[in-house]
Amino acid sequence: MAAEIGQPAPSFNLPNVDREMFDSESLKGKKSLVVFIPFPFTGICDGEACAIRDNIAQLEAVDANVVVITVHARPTNEEWVKKEGFSFPVLSDFWPHGEVATAYGCFNDKVGAAMRATYVLDEDGIVRDIVATDSLGDPRTFADYPAALAAIG
């Protein structure tokens, strides 16, 4: 069942770039953005993740967690994090391929990647908003994140 507004977000336990497991339970206690990125090292995905990196202070000011998830292998994510200097966790949903993206309802079987979807969670892990685009070619707008977090209260 896909993630729905007003329902608990699907749980996950995925490796970060340091080979450490990141449990979604660690997000609880703060508002959170669970950001699915289709393809690291591509213009739109890089732009979206770099917008988060460049504006992380706005998210930290409202005490929000940020975690980015891709369906790419951990070594790919590791190189992407090094190249772009991300300070937030980037997690690999590589195997079983796209299992977490599927649980959230944003896996695209035709291209084998997650769609552009961000799940805005409250402190209890309840989905309060979903910021998404209908096309892999359309980026999300960073300004939607602080607004969605502020709407939680």
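Student: Does Thr118 count as buried or exposed?

Tutor: Keep in mind that this is a predicted model. The cut-off for buried is under 20% relative accessible area. Thr118 has 0% relative accessibility, so it counts as buried.

Student: Which residues is Thr118 in contact with, leaving aside its neighbours within four places in sequence?

Tutor: The contacts are Leu33, Val34, Val35, Asp129, Ile130, Val131, Arg140 and Tyr145. With Arg140 there is also a polar contact between the side chains, at 2.8 Å.

Student: In which strand is Thr118 found, and what stands opposite Thr118 in strand 9?

Tutor: Strands of a sheet pair through backbone hydrogen bonds, in either a parallel or an antiparallel sense. Here Thr118 is found in strand 8, and Val131 of strand 9 stands opposite Thr118. Strand 8, residues 117-121, pairs with strand 9 in the antiparallel sense, over five bridges.

Student: What is the order of the strands in the open sheet?

Tutor: The five strands run in the order 5-4-3-8-9, and the pairing is mixed. Strand 5 (90-92) and strand 9 (127-132) are the edge strands, each pairing on one side only. From one strand to the next the twist averages 20 degrees.

Student: Which strands do helix 3 and helix 5 touch?

Tutor: Helix 3, residues 74-84, packs on the sheet and touches strand 4 (64-70) and strand 5; the direction of helix 3 makes about 165 degrees with that of strand 5. Helix 5, residues 144-152, also packs on the sheet, touching strand 3 (31-36), strand 4, strand 8 and strand 9. The direction of helix 5 makes about 145 degrees with that of strand 3.

Student: Now the aromatic rings. How many aromatic pairs does a search of the whole structure find?

Tutor: The search finds eight. To classify a pair, look at the angle between the ring planes: under 30 degrees counts as stacked, over 60 as edge-to-face, and the rest as tilted. Phe36 and Tyr104 have ring centres 5.3 Å apart and planes at 55 degrees, so this pair is tilted. The pair links Phe36 in strand 3 with Tyr104 in helix 4 (residues 99-104), 68 residues apart. Both residues of this pair, Phe36 and Tyr104, are buried.

Student: Why is the pair of Phe36 and Tyr119 edge-to-face?

Tutor: The planes of Phe36 and Tyr119 are at 90 degrees, with ring centres 5.8 Å apart, so the pair is edge-to-face. Tyr119 lies in strand 8, 83 residues from Phe36 in strand 3. Both Phe36 and Tyr119 are buried.

Student: Which residues form one aromatic cluster with Phe36?

Tutor: Phe12, Phe22, Tyr104 and Tyr119 form the cluster together with Phe36.

Key
Residues are numbered from 1 along each chain as its sequence is written. This is a predicted model: local features need pLDDT of at least 70, side-chain atom pairs count only at pLDDT 80 or more; totals for chains, interfaces and linings use all residues. Side-chain values use heavy atoms; hydrogens and water are left out. Two strands pair if DSSP finds at least two bridges between them. Helices (H or I, at least four residues) and strands (E, at least two) are DSSP runs, numbered from the N terminus. Axes are lines fitted to C-alpha atoms, for helices over the stretch in contact, and angles run from 0 to 180 degrees between N-to-C directions. Contact means heavy atoms within 4.5 Å. Rings of Phe, Tyr and Trp (its six-membered ring) pair if their centres lie within 6.5 Å; planes under 30 degrees apart count as stacked, over 60 as edge-to-face and the rest as tilted. Buried means under 20% relative accessible area, exposed over 50%, partly exposed in between (1.4 Å probe, protein chains only). A polar contact is a pair of N or O atoms within 3.5 Å; within protein, one must be able to donate a hydrogen and the other to accept it, and residues adjacent in sequence count only if both atoms are side-chain atoms.
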